[in-house]
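Please read the following report alongside the sequence and the coordinates. It begins with a single loop residue, and then turns to whole chains, a sheet, a pair of domains and an interface.

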Amino acid sequence: MQYGISILLSGISLGGQYALIAIGYTMVYGILRLINFAHGDVFMVAGLMMVYLSASLPLAAAIPLMIILTVLLGFIIERAAYKPLRTAPRMSVMISAIGVSYLLQNLATYVTGGLPQMYPALPGLSNQLTIAGVSTKYVTVVTPVLVVLLVAALTQLINHTRIGMAMRAVSRDFETAQLMGIRINSVISVTFIIGSLLAAIGSLLYFTNYQSIVPLSGSLPGLRAFVAAVFGGIGSIPGAVVGAFLIGICESVIKGSDWSVFSDAFTFAILIVVLCVKPTGLFGEKVTDKV
Amino acid sequence: MLNEKKSKRGTVIALLCALALLALVVLLENTMKPTGMLFTVLKKGAVYALVAVSMNLLNGFTGLFSLGQAGFMLLGAYTYAILTIPTADREAVYYLYNGSAVNFSLPELFGGGAVGLVLGVLLALFLGGCVAAAVAWLIGLPVLRLKSDYLAIATLGFAEIIRAIFQWDPLGPVTNGANALKSFPTFSSFNIQNADGKVILRLSTFVPFLLAGVCVAVIVLLINSTYGRAFKAIRDDEVAAEAMGINLARHKRLAFCISSFFAGVGGGLFAMFANQAQAKVFTTAMTYEILLIVVIGGIGSISGSCIAAFLYVAASEWWLRFLDAETYIGSFKVPFLRTGFRMVVFSVIIMVVVLFFRKGIMGDKELPDLLKKRQKKATKEAVQP
Amino acid sequence: MSEQLLRLDHITMQFGGVVAVDDLELEVNEGEIVALIGPNGAGKTTAFNVITGVYQPTNGAVWFDGAKIIENHPQGKMKKQYKGQCDGLYTETLSPTPDKITRAGMARTFQNIRLWKTQTVFDNVLIAKHCRSTSSVFSAAFRLNRKEEAAQRAQVEELLEIVGLSDVKNELATSLPYGKQRRLEIARALAAEPKLLLLDEPAAGMNPQETEELTAFIGEIREKFKITILLIEHHMNLVMGISDRIYVLDFGKLIAHGTPAEIQKNQRVIDAYLGVADDA
């Protein structure tokens with residue numbers, strides 16, 4: 001029983017962290033039809049930045065600075081690597097995203113010398129806590145609460161502000177939105193900014209739990225978050241969140257079982273099943289092509 | 001009539017060039033220091049060229065964005081290794097599993113010796129390709145209907161699943177689990193030795209060039225056939241292709257299986273190059289390397305992929321190595337240069353190519369096209385004084 | 001009386017809540033040139049897409065060359081949404097992919113030209129011959145099919161002669177002027193050896209002189225290839241000048257059907273589409 005609770009808690013916590021990353025994927029895909037391969041690596045870089053910043057600055061300064069720098073990174077990546085290719089065929093942009101991911105991973109290897117970095121302990125998050133007889137960290141409880149708050153705030157933004165309306169318009173019909181005078185560059189930049197912001201917060205929560213960062217630490221959570229986004233219905237934010245929690249719990253269950261070797265493979269198996277059976281995911285919409 | 005003559009002449013010239021290249025390779029290897037960097041680059045380059053061309057066939061010529069190449073290479077590498085490890089060595093290789101489940105070796109079945117080696121290796125490579133193609137056929141059934149970005153992620157997913165399966169302990173007696181497979185025939189096994197064991201003719205670079213070359217030639221033949229044209233039609237406009245009688249599902253599956261076959265053969269060759277076959281090497285990062293080679297060479301150009309493969313391997317393994325070494329000019333330490341810098345510079349170069357030289361080195365042209373243009377220019381200038 | 005080549009039975013095409021084609025009945029006999037006209041959005045291209053297998057009809061059946069090739073009835077979600085009639089008549093589901101229908105003997109051109117942009121004029125037509133080749137991948141790759149390939153190339157040469165594109169055969173398809181590109185698309189469709197040729201607005205974007213040439217051209221094709229033609233068109237000179245019979249669609253429904261003379265006098269058609277000449 002205790003084991004079950006521990007797995008469930010860890011699953012919810014993981015799921016919440018994936019949700020924050022998944023939202024970034026789903027928003028970018030909804031607008032640009034681009035799978036932002038580099039998103040998971042931005043998440044990893046955010047973690048690394050925290051390690052280096054907290055070594056020389058007090059936490060109260062390091063955390064906001066890390067968030068700002070991550071947002072800046074996401075913004076720069078979009079402007080430098082994706083904007084120039086907006087009129088190019090889809091494959092080119094995807095290759096660019098892969099290239100950015102590759103660059104970020106190699107930069108991280110270079111800077112860290114290939115050695116795993118230890119994430120600083122954040123007071124309030126890394127402290128121990130006991131729930132229903134199971135010992136865990138505060139971050140496990142904070143995560144779902146924080147995720148719900150952030151998603152609520154985001155939903156408000158999208159449904160009740162002008163920029164949110166612009167984002168919805170652009171994700172419906174890119175070209176017409178442009179013709180109607182919506183400043184596409186601003187909308188796209190805001191999308192990446194929000195995505196990177198959430199990824200930065202997600203990295204705070206995730207690495208407090210996992211503590212050790214290597215250059216590849218971003219790619220697997222990133223891929224899992226992407227699968228969650230597809231599972232929930234790509235382009236749908238609530239879908240991404242639901243999908244992420246489900247994936248987090250499944251992963252937790254599998255890692256605790258005899259089949260833990262297959263935990264990555266399982267994620268991909270879900271992806272393939274979803275793509276083949278119901279590609280629009282749980283909450284997505286169907287689109288017919290005109291000939 | 002004239003066109004036929006021209007193309008026949010073109011084929012003869014191509015064949016002669018290929019033979020000259022092979023002869024050059026043999027000459028180089030037997031005159032220069034055989035352990036030099038040059039030969040590592042040539043061998044790895046030849047293998048990567050084949051895999052890159054196989055990926056180009058799928059991505060560049062049929063327009064199917066697949067990221068599963070490493071998975072198919074893995075299948076080919078393992079099939080090749082499992083079928084050719086000498087029975088005497090099996091116990092040692094599979095030490096964790098008390099021997100291998102497969103207890104024969106193809107070269108031995110063919111009678112051992114030089115003949116056995118050649119036939120055994122060729123058959124094992126061929127079967128490696130077949131296994132890869134068979135798995136591709138299965139994967140293709142659900143996956144090929146997906147849109148381009150989803151197809152990419154799904155094939156990437158399958159490659160990772162394959163890798164997980166091959167590292168799975170219970171399959172150890174066949175795959176050796178997480179351990180490497182070794183002791184199978186490699187490129188060096190083809191060096192001809194005299195009675196004393198001294199090597200008299202080195203063929204270890206000739207063999208990969210020959211094998212990769214033959215495979216690339218077959219792909220070129222395919223591209224220029226009616227099926228190759230159908231693939232290009234699917235890439236350019238699949239709605240029109242379907243309307244003109246080309247069955248999309250069948251042809252996409254065909255392209256996928258053929259591409260995977262050659263990726264499998266490439267995997268077997270890679271195992272021969274690396275002297276071992278281990279699942280954890282065939283990661284998504286390897287697929288990305290091949291993808292980048294295809295992009296740098298030009299999506300849709302076979303000669304581009306070949307050239308880019310050699311350039312890539314030379315740059316990453318050889319020319320840029322100095323960037324990883326801490327260098328001092330006098331007592332001044334040059335900033336930035338230390339381990340890992342090479343890959344950073346490399347990644348930056350790739351981004352530059354992707355952003356500013358999207359067409360790659362060759363665009364979608366082939367070497368003969370460039371030479372034809374030169375000829376045309378020359379005759380034009382000759383006519384106008 | 002010539003054989004019936006194509007017949008549409010109660011074809012209804014519904015997208016979500018919108019009925020694009022409503023209970024269309026149509027037939028084309030061998031050797032005829034039949035036109036499908038009507039205002040924009042009337043459902044003409046949708047009908048073409050149903051005939052060629054691009055869309056699966058919500059209800060109805062299509063007969064071609066004596067055999068039923070397409071059939072469907074409202075299923076799943078559509079059962080509740082179906083607004084059309086005659087849904088009890090059809091029980092089977094036959095939905096071949098477009099390539100099957102092409103191989104059965106139909107070929108089409110598109111409203112927006114869909115040539116293969118990286119291929120030459122010659123190759124664009126040659127690729128259409130692929131569906132008629134009997135060689136496997138192996139025999140094609142290893143050049144065991146030389147005879148068949150040579151024969152197909154000769155046929156393409158001939159075809160290009162007939163349509164007048166021989167001089168540009170090695171140019172990139174997209175480098176041709178618009179009118180020639182349209183002719184190339186027709187040549188490509190002919191290369192698939194169809195019994196029925198479907199032309200979707202072949203004269204779109206052409207000036208009156210080009211339209212006249214096209215009208216003559218279509219007549220020539222019918223003679224030379226002994227082929228049947230179904231076309232969608234807005235240029236009334238072309239339609240009236242060449243069609244044996246005309247079907248008129250409006251908002252997805254068939255509102256008139258007959259010879260050019262009959263259609264020109266039909267009041268409903270005049271109100272919906274043709275209008276009256278000012279200097280009558």
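B:Ser183 is found in the loop between helix H8 (172–175) and strand S1 (192–193) of chain B, where helices (H or I, at least four residues) and strands (E, at least two) are DSSP runs numbered from the N terminus. This is a predicted model, in which local features need pLDDT of at least 70 and side-chain atom pairs count only at pLDDT 80 or more, while totals for chains, interfaces and linings use all residues. Residues are numbered from 1 along each chain as its sequence is written, and chains are lettered from A and ligands numbered from 1 in the order in which they are written.

Although B:Ser183 is not a glycine, its phi is positive, at about 70°. B:Ser183 is partly exposed, with 17 other C-beta atoms within 10 Å; a residue counts as buried if 20 or more other C-beta atoms lie within 10 Å of its own, as exposed if 12 or fewer do, and as partly exposed in between, with C-beta atoms placed from the backbone. In chain C, a positive phi is also found at C:Asp65, a residue other than glycine, with a value near 55°. C:Asp65 lies in the loop between strand S4 (59–64) and strand S5 (67–72) of chain C, and with 15 other C-beta atoms within 10 Å it is partly exposed.

Chain B contains 16 helices and four strands. Its radius of gyration, 22 Å, is close to the 21 Å that the globule rule gives for 385 residues, so chain B is as compact as a globular protein of that length. The radius is taken over C-alpha atoms, and the globule rule is 2.2 Å times the number of residues to the power 0.38. Chain C has 11 helices and 10 strands, and its radius of gyration of 20 Å is close to the 19 Å given by the globule rule for 280 residues, so chain C too is as compact as a globular protein of its length.

| Chain | Span of the C-alpha trace along the principal axes |
|---|---|
| Chain B | about 75 × 60 × 50 Å |
| Chain C | about 55 × 55 × 40 Å |

Of the 385 residues of chain B, 48% count as buried, and of the 280 residues of chain C, 44% do. Two residues are in contact if their C-beta atoms, placed from the backbone, lie within 7 Å. Among contacts in chain B between residues at least 6 apart in sequence, 75% join residues at least 24 apart; in chain C, residues 24 or more positions apart account for 68% of the contacts with a separation of 6 or more.

**The sheet of chain C**

An open sheet of six strands in chain C has the order S6-S7-S8-S3-S9-S10 and mixed pairing, two strands being paired if DSSP finds at least two bridges between them. Strand S6 (106–108) and strand S10 (253–258) of chain C stand at the edges with a single partner strand each, so one side of each is left without a neighbour in the sheet. From one strand to the next, the twist averages 15°.

Within this sheet, strand S3 (residues 33–37) and strand S9 (residues 245–250) of chain C run parallel and are joined by four bridges, and C:Leu36 stands opposite C:Tyr247 in S9(C). Helix H1 (residues 44–51) of chain C lies across S3, S6, strand S7 (196–200), strand S8 (228–232) and S9 of chain C, running at about 150° to S7(C). Axes here are lines fitted to C-alpha atoms, for helices over the stretch in contact, and angles run from 0 to 180 degrees between N-to-C directions.

**The two domains of chain C**

Chain C is divided into domain 1 (4–105 + 194–274) and domain 2 (114–181), with bounds that come from an automatic or database domain assignment. Taken over C-alpha atoms, the centres of domain 1 and domain 2 of chain C are separated by 28 Å. Seven residues of domain 1 of chain C are in contact with four residues of domain 2 of chain C. Helix H3 (98–104) and helix H8 (208–225) of chain C each supply at least two residues of the side of domain 1 that touches domain 2, and the largest share of that side, three residues, comes from H3(C). The residues of this side divide into one nonpolar, two polar and four charged; Ala, Val, Leu, Ile, Met, Phe, Trp, Tyr, Cys and Pro count as nonpolar, Asp, Glu, Lys and Arg as charged, and the others, Gly among them, as polar.

**Where chain B meets chain A**

In this interface, 32 residues of chain B are in contact with 32 residues of chain A. Helix H7 (148–166), helix H13 (284–297) and helix H15 (341–356) of chain B each supply at least two residues of the side of chain B that touches chain A, and H7(B) gives the most to that side, with 11 residues. The residues of the side of chain B that touches chain A divide into 23 nonpolar, six polar and three charged.
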